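Let's walk through this model together, from the parts of one chain to a meeting of two chains. Please keep the structure open as you read.

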Amino acid sequence: MSERSWKEIPIGGIIEEAGNADSYETGSWRTYRPIWDAEKCIHCLACWIACPDSSILLEDGKMVGIDYAHCKGCGICAFECPDKISALEMVLETDAAAAK
Amino acid sequence: MPAPKQLAQHEDLVTGGHRACAGCLPMTAMRQLLLAAGQDTVVGCATGCVEVVTTIYPYTAWKTPFIHNAFENSAATISGAEAAYTSLRKQGKIDKKINFIAMGGDGGTYDIGLQSLSGAMERGHNMLYICYDNQAYMNTGIQRSGGTPKGTATSTTPVGKVIPGKTQFPKPLTEIMIAHDIPFVAQATPGYPKDFTDKVEKALAIDGPAFINVLAPCPRGWRYPAEQSMEYARLAVNTCFWPLFEVEYGVFKVNRKPKEKLPVSKWFEGQGRFRHLFKEANKGIIDEVQAEVDRKWAWILKREELTQA
Amino acid sequence: MARRLTLTGNDAAAEAMRQIDPDVVTCFPITPQTELMHKFADFVADGEVKAEMVLVESEHSAMSAAVGAASAGARVMTATSANGLALMWEIVYIAASNRLPIVMPVVNRALSGPINIHCDHSDTMGCRDTGWIQLYSENAQEVYDNILQAILIAENPDVLLPVMVTFDGFIISHTVEVLDALEDKEASDWVGEYKAMYTLLDTEKPATFGPLDLQDYYFEHKRQQIEGMSNATGVIKSVGKAYEKLSGRAYGMTERYMTDDADYVVVALGSTCGTAKVVVDEMRAEGKRVGLLKIRSFRPFPHAEIVAGLASAKAIGVLDRSVSFGAPGGPVHKEILAALSGTGHQTSIVNYLYGLGGRDISLDHIRSVFEELETVAGKTIAPNEVRFIGLRG
């Protein structure tokens with residue numbers, strides 16, 4: 001977001017665009033990347049309800065992927081994924097990038 | 001009755017792109033809170049982690065109306081907003097139902113904001129107060145608060161040669177709020193999402209003030225691996241350090257009675273802030289905390305028995 | 001049609017508030033503001049107003065709740081004095097910074113300590129840099145008129161700043177005076193409907209209020225506030241003119257009382273101006289060219305009007321009812337020096353500190369100021385040569 005002059009911004013510190021933090025990316029904070037295995041996923045949403053960064057993507061109540069623009073790689077999703085399912089795995093970001 | 005599958009039908013009202021630490025469970029609490037509360041909710045938050053990380057100008061992570069005023073006054077601020085709503089509604093200038101939620105961390109609630117909270121509850125505003133309790137002033141660098149457990153190492157109660165961390169037990173905030181005789185008081189944690197979101201729905205449906213104390217683990221301040229935030233929330237419940245219970249018009253209900261009540265040391269283990277307590281010289285502190293946990297747990301169960309009858 | 005009333009200053013303020021009928025009034029009791037709120041509470045209890053009265057547990061919460069209510073789009077008022085204002089100080093700044101047009105009568109009282117309940121200006125002078133507009137009132141009539149005008153000044157889209165209407169504790173607040181008030185319909189037409197630019201209650205278009213504002217934008221927001229305060233000068237004047245049309249009573253940034261040809265001018269604020277006018281009348285009858293320059297708007301400070309009002313003065317006595325510890329002279333004195341600096345106007349300026357903690361100021365005191373001014377004309381007075389009025393030696 002380009003920095004605006006005092007004549008161009010709303011007064012009083014008001015932020016008019018609700019949820020515009022969505023355009024601020026925190027994905028580069030990651031050391032580890034969650035890798036999701038769609039085949040194994042049972043869509044229990046244990047990861048989704050626990051994610052602090054709203055980074056588990058859903059469609060029609062089912063998981064469809066991970067928002068890497070915002071995911072900080074905390075690993076809560078993989079930890080919460082039931083042991084028997086293990087549809088999420090944390091991989092070093094550098095390895096994940098190399099694999100790409 | 002919201003469970004993840006039902007909640008997934010609701011819109012997520014807190015976006016990513018906020019600047020909380022990785023693994024921040026207070027932010028999970030915020031998501032769950034608003035999944036349950038919905039779009040027509042005015043949120044006020046005291047100065048603290050959540051306020052700071054979600055509203056760094058010109059960005060906001062809130063998709064609902066949001067106000068931050070200062071550290072000690074989120075309850076007073078929201079009571080003013082609720083009074084404005086009441087006035088405008090009586091005048092016929094607004095008719096939709098709007099929820100009012102004030103929030104603060106443990107510093108903003110147990111300590112500096114307690115007067116403002118007490119006043120707002122006494123006045124009977126139709127509002128819900130959420131304390132997201134991460135048991136220290138995390139935003140300013142992990143200083144002890146009135147909500148910090150006994151024995152905790154913080155920046156202002158460090159483990160020294162003479163003093164082994166915080167020497168006082170935490171202020172019994174939930175009990176203080178019960179003593180306000182408001183319609184609804186509860187303890188919850190995002191570690192049990194269904195329990196928490198059910199309580200939010202119940203609190204908002206009730207006419208009058210409600211209070212929920214929400215234990216929200218902080219990997220940075222508690223010093224455990226970030227991926228285990230939900231686990232440390234559950235352990236606090238299953239050791240009965242943080243019982244899940246609610247008090248509706250004076251009637252107690254314990255929402256979770258652990259099948260196996262774990263020793264409090266199970267929750268302490270793995271948290272860097274309690275590591276020193278496992279040294280031989282400090283083990284008496286764990287025993288003291290355990291005795292206090294047992295006493296309080298028994299008293300909650302007893303009151304459930306007395307009031308349910 | 002004017003209604004002639006006999007009211008105390010506090011009751012005059014409450015009468016203005018009844019006619020304005022704000023959406024929300026927040027309140028915590030403090031002497032000498034209390035009777036203002038008692039009177040307003042009577043109006044609420046009798047159903048004469050629609051206002052929600054939020055009876056908070058501290059002044060800090062009074063201003064906090066006012067900020068919450070104003071952010072929710074309500075027209076909001078509160079009132080306080082002295083220590084109450086000091087307790088809300090933090091949020092007084094926030095109300096101005098968030099551009100919330102709250103109107104707050106402040107019944108001037110000395111700040112503790114030692115504790116004292118009587119008048120001086122240490123409370124409002126202490127927050128002269130909070131970003132609030134400050135209108136000082138000479139008597140109950142002005143209390144009433146200033147409060148009605150404050151609503152329009154605060155809510156003007158080019159201003160959007162909160163306003164303090166101040167009046168001297170006990171001297172005005174508890175003294176019964178005769179005043180003329182507007183008819184209810186005139187008053188409600190005058191204040192009209194308030195429509196906030198942003199409101200928390202707009203859940204369709206949710207906005208965030210009070211964010212964390214860092215190095216990249218805080219300065220810009222402060223610049224906007226400077227602009228709002230700067231615009232207030234013109235708005236105060238135009239609102240004053242419109243009010244004169246309605247009420248027949250004229251209001252500007254200052255009141256020049258026989259200053260046009262005056263050799264010796266006293267500058268003052270508040271109730272002391274009434275006393276000074278009597279002295280000016282007496283001395284004029286004696287053939288002395290004396291005058292009073294009354295400051296109505298201390299924030300924004302009326303530089304141009306001050307320079308014009310002092311143009312003929314050979315010597316000026318500036319009366320301060322509060323101390324700026326460690327500074328050369330009181331807050332009003334410093335502003336006068338600053339206003340005249342660079343104008344080339346050669347005059348002798350003496351600072352008088354008076355009336356702290358409610359110490360009386362008499363006709364004789366003000367006469368002695370004028371008499372001293374006659375002796376200092378042409379002399380250079382060091383800014384820190386402060387004279388004390390009514391202090392035992």
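Predicted model: local features only at pLDDT ≥ 70, side-chain atom pairs only at ≥ 80, totals over all residues.

Where they touch, domain 1 of chain C contributes 28 residues and domain 2 of chain C contributes 26.

How much area is buried between domain 1 and domain 2 of chain C? It comes to about 2100 Å², with carbon and sulfur atoms giving 52% of it. The interface between these domains of chain C also holds 5 salt bridges. You can find one between Lys294(C) and Glu138(C), whose closest N and O atoms are 2.8 Å apart. Polar contacts link 16 residue pairs across this domain interface of chain C, counting pairs with both residues at pLDDT 80 or more.

On the domain 1 side of chain C, the elements that supply two or more residues are α6 (122-126), β6 (133-136), α7 (140-155) and α9 (218-247). Of these, α9(C) has the largest share, with 5 residues. By residue type, this side of domain 1 of chain C divides into 12 nonpolar, 9 polar and 7 charged.

Is Thr78(C) buried or exposed? Thr78(C) counts as buried because its relative accessibility is 0%, and the cut-off for buried is under 20%. A polar atom of the Thr78(C) side chain lies 2.7 Å from the backbone oxygen of Thr26(C). Beyond its neighbours within four places in sequence, Thr78(C) has contacts that include Cys27(C), Met37(C), Ala62(C) and Val103(C).

Next, look at where chain B meets chain A. Here 38 residues of chain B are in contact with 37 residues of chain A, and the buried area is about 3000 Å², 61% of it from carbon and sulfur atoms. Arg31(B), Tyr57(B) and Tyr59(B) supply 22% of the area that chain B buries against chain A, more than any other three residues.

The count between chain B and chain A is 1 salt bridge. Glu80(A) forms a salt bridge with Arg234(B), with 2.7 Å between the closest N and O atoms. Polar contacts join 17 residue pairs across the interface of chains B and A, with both residues at pLDDT 80 or more. On the side of chain B that touches chain A, α1 (4-7), α2 (25-37) and α10 (229-238) of chain B each give two or more residues, and α2(B) gives the largest share, 6 residues.

Terms used: Residues numbered from 1 in each chain as written. Chains lettered and ligands numbered in written order. Heavy atoms only, no water. Contact = heavy atoms within 4.5 Å. Buried area = accessible area lost by both parts, 1.4 Å probe. Salt bridge = Lys/Arg side-chain N within 4 Å of Asp/Glu carboxyl O. Polar contact = N/O pair within 3.5 Å; in protein donor to acceptor, adjacent residues only side chain to side chain. Helix = DSSP H or I, 4+ residues; strand = E, 2+ residues; numbered from the N terminus. Buried < 20%, exposed > 50% of the residue type's maximum accessible area, 1.4 Å probe, protein only. Nonpolar A, V, L, I, M, F, W, Y, C, P; charged D, E, K, R; others polar.
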